Amino acid sequence: VQYFLLVLLACPSPLGAPPALHTCQGLAPCLPEEGQVNTSGPRLLLATPHPASGSSAAMDRIVSALLLSLLLLLQSYGVCGAPPQLRGTLCRTKPTDLVFIIDSSRSVRPQEFEKVKVFVSQVIEGLDVGPNSTRVGVINYASAVKNEFSLKTYQTKAGLLQAVRRIEPLSTGTMTGLAIQFAISRAFSDSEGARVRSPNFNKVAIVVTDGRPQDGVQDVSARARAAGIEIFAIGVGRVDMHTLRQIASQPLDDHVDYVESYSVIEKLTHKFQEAFCVVSDLCATGDHDCEQICISSPGAYKCACKEGFTLNSDGKTCSACSGGSGSALDLVFLIDGSKSVRPENFELVKKFINQIVDSLDVSEKQAQVGLVQYSSSVRQEFPLGQFKNKKDIKAAVKKMAYMEKGTMTGQALKYLIDSSFSIINGARPGVPKVGIVFTDGRSQDYITDAAKKAKDLGFRMFAVGVGNAVEDELREIASEPVAEHYFYTADFRTISKIGKKLQMKICIEEDPCECKSIVKFQTKVEDLINSLQQ
């Protein structure tokens, strides 16, 4: 009678059991279905024909002894890294109807008004935006009131951020009372998307002003508060503090803020992100430096790593376990160098690229990086595999000259397909291909066909948009699921946050069935079987 011992690794045992070699999530071939030996560690599948004679009993005892030895051998193999930990509780905002009431009178200079727009954008970045969560509207006022957009206009964060960027100052008087009355009668009305007053919804107005109003605010503010609107008043520079206190809800200490100039209004962003959180912690608000997993505790946090990674000595960053064999990656950056980016922002883009490069294991057998810049034409800065280490790649990125012309994104995508990922330009057959497209505006050519072809060829495409980038184009470029492959921010200064998210997403997970430790284990089992047969 011949015995065939088929050793298959299965999912790890319950918490507290000896370590398993890997978690077989999503790997059906790794899961034995019949004849499993019940153990607390990794499980074994023994496939045996029915014995033909009594002589098989002796062989049964030998094989049982071998299985016991194999079980003990399995217990001796540890796991590289730690099992994934739960993330800290995310900051979730209570469903809120939020209206910004922003002063753009002539005393607010254009560059100062831009600072207000950045502040509004940063507060929006921290919200859960959606028809069933937080809705946002903006009222712009001076001598007259302009409804920039209502609570029902935009249902996505990207749409809101782009709308805020388009707001222009009115540059006349300061009718703050009129603006608050407009909020009561129109902005918070059912027809403009406000929800029926309920304990389940907050109604919030944030008033930003820098001067003394030319009309009364006390009575109209009282009516707004009586209607269930919570009012925050932010004063800038030579503002009348008595006016702020007449506008704001109680307690005044929580609802009145003052900054000496518009240049520092952004420092209030964190306060308002906290104010809208139902539950807030350092992990949720991003006040941590954890590369992979942040674990929150009251007033503190600690970092951890995903399975297959180990925490470095700095307590924040993670390194891939040694011995893995599935981390090869061909990554090409496709960077918009059009004139709308501007030189100072182009330097921020280069830092963004190097931030991603820092997270890679660059070598001939692991990650390779290529860089392409485009504007009215396409220019390859360096192909895949030209540089063999991070230091050389980062140095080449820093030397990249700004092209400064148009925005031919479609042409750039076609170049990515035809040239960047070709073998002649260093691409490796069978290695995952990842493209990161960075743009700040609408493409001046057609992108649909090239974007579709890149995804059809199996390239994993990420789309990163800044400023005037078009959300529909970003979605068209991004791989499925789109929500995980496209990113947008209104301000170049915040792209480092996107960089952190991309560091996590571009990592190609190692196939557990190809892990060197498993190959080693299987070899040892085969040797034992051969020995038994002899």
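Which residue lies over the face of F272, and at what distance from the ring centre?

Author: The residue is K271, which lies over the face of F272 at 5.3 Å from the ring centre. Please keep in mind that the model is predicted. K271 is found in helix α8. With a relative accessible area of 26%, K271 is partly exposed; the cut-off for buried is under 20% and that for exposed is over 50%, so a value in between receives this label. Apart from its neighbours within four places in sequence, K271 is in contact with D254 and D257. For one of these, D254, the separation along the chain is 17 residues, and the C-alpha atoms of K271 and D254 are separated by 9.7 Å.

The ring of F272 also takes part in aromatic pairing. A pair of aromatic rings is described by the distance of the centres and the angle of the planes. In the model as a whole, the count comes to seven aromatic pairs. In one of them, the ring centres of F232 and F272 are 5.2 Å apart and the planes stand at 75°, so the pair is edge-to-face; the cut-off that decides this is an angle over 60 degrees. F232 belongs to strand β9 (residues 229-236) and F272 to helix α8 (residues 269-275), so the pair ties together parts that are 40 residues apart in sequence. Both F232 and F272 are buried.

F421 counts as buried at 9% relative accessibility, and F459 is buried with a relative accessible area of 10%.

Two packed helices are described by the angle between their axes and the distance between the axes. For α11 and α12 the angle is about 30°, and the axes are 8 Å apart. The two helices are therefore roughly parallel to each other, since the cut-off for that description is an angle under 35 degrees. Their crossing is left-handed. On the side of α11 the contact is made by G410, L413, K414, I417 and D418, and on the side of α12 by A450, A451, K453 and A454. An α-helix has 3.6 residues a turn, so residues three or four places apart point the same way.

The axes of α4 (residues 176-187) and α5 (residues 218-226) come within 9 Å and cross at roughly 25°. That angle makes α4 roughly parallel to α5. The crossing of α4 and α5 is left-handed. Here G177, I180, Q181 and I184 of α4 make the contact with V220, S221, R223 and A224 of α5.

The packing of α2 and α3 has another direction. Their axes come within 9 Å and cross at roughly 175°. These two helices are therefore roughly antiparallel to each other. In their contact, K117, V120, S121, I124 and E125 of α2 meet K157, L160, L161, V164 and R165 of α3. Helix α3 (residues 157-165) has seven buried residues among its nine, so it is largely enclosed by the rest of the structure. The buried ones are A158, G159, L160, L161, Q162, A163 and V164. They pack against α2 (110-125), β6 (135-141), β7 (145-149), α13 (471-477) and β21 (486-489).

N354 is found in helix α9 (residues 343-358) and counts as buried at 7% relative accessibility. Leaving aside its neighbours within four places in sequence, N354 is in contact with K394, V397 and K398.

Finally, the whole protein provides the setting for these details. It contains 15 helices and 21 strands. Of its 534 residues, 49% are buried. Among contacts with a separation of 6 or more, 73% are between residues 24 or more positions apart.

Note on methods
Residues are numbered from 1 along each chain as its sequence is written. This is a predicted model: local features need pLDDT of at least 70, side-chain atom pairs count only at pLDDT 80 or more; totals for chains, interfaces and linings use all residues. Side-chain values use heavy atoms; hydrogens and water are left out. Rings of Phe, Tyr and Trp (its six-membered ring) pair if their centres lie within 6.5 Å; planes under 30 degrees apart count as stacked, over 60 as edge-to-face and the rest as tilted. Helices (H or I, at least four residues) and strands (E, at least two) are DSSP runs, numbered from the N terminus. Buried means under 20% relative accessible area, exposed over 50%, partly exposed in between (1.4 Å probe, protein chains only). A charge sits over a ring if NZ of Lys or CZ of Arg is within 6 Å of the ring centre and within 35 degrees of the ring normal. Axes are lines fitted to C-alpha atoms, for helices over the stretch in contact, and angles run from 0 to 180 degrees between N-to-C directions. Angles under 35 degrees count as roughly parallel, over 145 as roughly antiparallel, 65 to 115 as roughly perpendicular and the rest as oblique. A crossing is left-handed if the near helix is turned anticlockwise from the far one by less than a right angle, and right-handed if clockwise. Contact means heavy atoms within 4.5 Å.
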